[in-house]
Amino acid sequence: KEEHKDFLVRALIPLHKLKFLAGFHQQLSYCMSQYVTKDPRLALVIISAMLRYWPTTITSKQVLFLNELEELLELTKPPEFVQMQEPLIQRIAQCIMCPHFQVAERTLFLWNNDYIVRLITSSRKVLFPAIIGALYTNSKLHWSSAVHGLTFNVLKLLMEADPQLFDECSANHKEMYDELEERTALREHRWATLQDLHDRKAIKTA
């Protein structure tokens, strides 16, 4: 009913913004799942709102959001998924690269869910580039060995899903990464030159 949807949008979904979400999140997540079970089109409404409210600075709350996100994606139909896939995958990519190992691990565990993997793979030309970029960044920079292991497992899954696309995305990411390293090295060289000039002037005026 329309009044039920209105209650969802105006009262229930905004509860995700509260700082003490952990105290009632299990019940709220259950409500969200019930709404989507009754009307799968509401998955787009709920997940889009969650992406807007995403708690980027609160690790424990991000894990709660990821738990709920997996439950909702299991109930999401392909037409609704396609409508939100790009902002969703950007958020997933950011969570993959999160320095906090619990957030990164929980995100990578999404690839244990066969239905979610099928949703992502069905739009792989659009979604794989962002995911592969995040995974390669993790493989080089993340401090956690557990996250490294999960990262390589997901890379293997993506490679098996579409070897040609995987190779293209890998090559593009490597090119971008090499360019970034070159720019970083050039910037550091310029800074070192400026510092050297400054030190010489300081010596002369001393």
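## Exercises on a predicted model

Apart from neighbours within four places in sequence, Thr-137 touches Met-97, His-142 and His-173, where contact means heavy atoms within 4.5 Å. The model is predicted: local features need pLDDT of at least 70 and side-chain atom pairs count only at pLDDT 80 or more, while totals for chains, interfaces and linings use all residues. Residues are numbered from 1 along each chain as its sequence is written, and side-chain values use heavy atoms, with hydrogens and water left out.

**Exercise 1.** State where Thr-137 lies and whether it is buried or exposed.

Solution.
- Step 1: Thr-137 belongs to helix α8, residues 124–141. Helices (H or I, at least four residues) are DSSP runs numbered from the N terminus.
- Step 2: the relative accessibility of Thr-137 is 19%, so this residue counts as buried. The classes are buried (under 20% relative accessible area), exposed (over 50%) and partly exposed (in between), with a 1.4 Å probe and protein chains only.
- Step 3: Met-97, one of the contacts of Thr-137, is 40 residues away from Thr-137 in sequence, with a C-alpha to C-alpha distance of 7.1 Å.

**Exercise 2.** Determine how many residues of helix α6 are buried, and what covers them.

Solution.
- Step 1: α6 spans residues 101–108, and six of its eight residues are buried.
- Step 2: the buried residues are Val-103, Ala-104, Glu-105, Arg-106, Thr-107 and Leu-108.
- Step 3: the cover over these residues includes α4 (59–75), α5 (78–96), α8 and α9 (145–161).

**Exercise 3.** Describe the salt bridges Asp-6 to Arg-10, Arg-41 to Asp-39 and Asp-162 to Arg-124.

Solution.
- Step 1: a salt bridge is a side-chain nitrogen of Lys or Arg within 4 Å of a carboxyl oxygen of Asp or Glu. The structure holds five.
- Step 2: Asp-6 and Arg-10 pair at 2.8 Å, N to O. They are four residues apart in helix α1 (residues 2–12), and therefore separated by about one helical turn. Asp-6 is partly exposed at 38%, whereas Arg-10 is exposed at 65%.
- Step 3: in the pair of Arg-41 and Asp-39, the closest N and O atoms are 3.0 Å apart. Arg-41 is exposed at 58%; Asp-39 is partly exposed at 21%.
- Step 4: for Asp-162 and Arg-124 the closest N and O atoms are 2.9 Å apart. Asp-162 lies in the loop between α9 and α10 (163–205) and Arg-124 in helix α8, so the pair ties together parts 38 residues apart in sequence. Asp-162 is buried at 14%, and Arg-124 is partly exposed at 28%.

Methods
Helix = DSSP H or I, 4+ residues; strand = E, 2+ residues; numbered from the N terminus.
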